[in-house]
Amino acid sequence: MDKPQNSPYSNITGSKTYSKFGPMSPTLKIILLIALHVALALAMRSITLLATLHALIVFAIGAWKAITSKEIKDVVPVVAYITGSEVLWRMTRAGVFWEFGKYATIAILILALLKKRKIKGVGVPILFFIFLAPSILLTVDAFGLNERSRALISFNLSGPLAVSVCLLFFQQFKIKVSELQDWVWPMVYPILGILTLAAYSTLTATEINFSTESVFVTSGGYGPNQVSAALGLGALMLVMWAITAEKQGGRSLALLLALGLLTQSFLTFSRGGVYNFTIGITAAFLHLLGKPNKFIRGVFVLLIVGIIAGVFILPRLETYTSGALSQRFTDVDLGNRELLARADLELFYRNPFLGVGPGMGIYQRQNVVYAAAHTEYTRLLSEHGSGGVLALLVLAIFLASRYFKAPDALTRAWVVALSAWPLVEMAHAAMRVVGIALMLGMATVDWQPEEESQNKKRKY
């Protein structure tokens with residue numbers, strides 16, 4: 001029997017571990033890699049140089065695989081790992097620029113694409129970005145060709161550029177759900193590093209003030225919205241893996257880790273991560289109705305998670321936060337996000353053609369808090385005008401088309417889970433993280449039915 005090239009327990013290179021005693025137990029490999037990333041995160045927190053080296057080495061591995069691998073999809077575990085590592089690098093002050101995760105992903109995927117003689121599906125991804133490009137002239141006109149213009153354009157368009165490249169990349173090959181599941185753990189390992197730093201900061205704090213605002217202490221000293229988003233992403237991927245993976249060990253461990261990630265996400269008091277997870281898993285769960293065996297397993301998994309969370313975790317968190325937890329998560333006030341979104345819409349009404357230019361909203365809004373946009377949808381309208389409308393329309397139609405082309409209930413469940421997380425994240429945190437681009441790319445991949453793959457194996 002051939003050794004599998006990929007497994008759900010792959011490291012960032014996608015290879016299975018073998019020792020002189022034979023293949024390593026998958027669950028044991030998971031535990032060892034978790035322990036490695038726990039230790040690595042703590043070391044990166046103390047040694048900035050190590051954090052920097054980690055970022056550069058991961059990028060180098062990705063670039064090398066893009067150049068040398070026979071199949072371009074072999075780079076996906078590496079870019080998934082980058083998605084999980086991006087916030088970890090920011091938390092540990094790695095000596096790389098803030099948008100490193102996005103540009104590293106873009107560079108690796110482009111290197112992989114250059115190996116293809118014929119690139120298909122170019123239209124939609126290119127159109128998405130081209131519609132946003134003309135308004136760049138307005139930012140350059142306001143500040144000239146200088147560092148300020150470059151920073152504004154990079155901060156606001158690196159996310160859409162990453163989306164465009166990811167959409168293009170994932171059109172180049174077919175995958176089945178079992179292959180996608182192989183990419184879950186490479187993404188999760190560094191997210192567990194984020195959990196480690198956030199939990200360590202929480203447990204060692206002498207005093208934590210829980211109120212109606214996000215808490216930096218329980219977020220490892222970094223931005224609660226990004227930390228919460230990463231934790232929620234890890235939980236979503238683990239629960240989806242536990243529900244849909246076939247004949248794999250480690251489900252119980254995956255669910256325990258997901259509960260840990262969600263617990264810390266709650267403690268950040270940044271609601272986004274929990275909301276992203278809840279909407280994504282609910283949408284996926286409803287689609288599993290068409291796959292009875294997966295639906296029953298999903299009911300069982302969510303029932304266990306719900307009981308543990310409702311009976312053991314949430315009551316203790318409520319006590320730990322002196323009642324502030326329920327107050328925070330039942331509060332529907334959007335605060336400054338609503339003010340910024342309304343101001344962005346007003347800018348769009350006044351500048352419907354080209355908008356005001358990427359990054360210029362912060363200077364053009366009137367009588368509003370001085371801050372970058374937190375809602376990507378209204379930012380696209382205010383800063384790109386009709387181009388932003390067209391870009392959103394192209395993305396929406398493309399996502400819908402991929403959903404309806406999904407061959408069965410299981411793939412549709414993954415499509416909606418992979419789509420829901422970035423779409424909700426964009427609503428409250430713009431495109432701060434590269435995970436948005438990667439998840440949208442994976443959601444729009446050309447899906448291959450599992451049965452078709454199995455038939456091909458039997459044929460040969």
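Colleague: Which residue takes a positive phi just after α17, and of about how many degrees?

Modeller: This is a predicted model, so what follows describes the prediction. The residue that comes just after α17 is G385, and its positive phi is about 60 degrees.

Colleague: At what angle do α17 and α18 pack, and how far apart are their axes?

Modeller: Two packed helices are described by the angle between their axes and the distance between the axes. For α17, residues 376-384, and α18, residues 386-405, the angle is about 140 degrees, and the axes lie 6 Å apart.

Colleague: Which residues of α18 are met by α17, and how do the residues of this contact divide?

Modeller: From α17 come Y377, L380, L381 and H384, which meet S386, G387, G388, V389 and L392 in α18. The residues of this contact divide into five nonpolar, four polar and no charged.

Colleague: Which residues touch the most other members of the largest nonpolar core, and which helix gives the most to it?

Modeller: The largest nonpolar core has 127 residues, and F169 and M237 touch the most other members. Not counting residues up to four places away in sequence, F169 touches I72, K73, V75, V76, L109, A112 and L113. The helix that gives the most to this core, with 14 residues, is α10.

Notes:
Residues are numbered from 1 along each chain as its sequence is written. This is a predicted model: local features need pLDDT of at least 70, side-chain atom pairs count only at pLDDT 80 or more; totals for chains, interfaces and linings use all residues. Side-chain values use heavy atoms; hydrogens and water are left out. Axes are lines fitted to C-alpha atoms, for helices over the stretch in contact, and angles run from 0 to 180 degrees between N-to-C directions. Helices (H or I, at least four residues) and strands (E, at least two) are DSSP runs, numbered from the N terminus. Contact means heavy atoms within 4.5 Å. Ala, Val, Leu, Ile, Met, Phe, Trp, Tyr, Cys and Pro count as nonpolar, Asp, Glu, Lys and Arg as charged, and the others, Gly among them, as polar. A nonpolar core is a set of buried Ala, Val, Leu, Ile, Met, Phe, Trp, Tyr and Cys residues joined through side-chain atoms within 4.5 Å. Buried means under 20% relative accessible area, exposed over 50%, partly exposed in between (1.4 Å probe, protein chains only).
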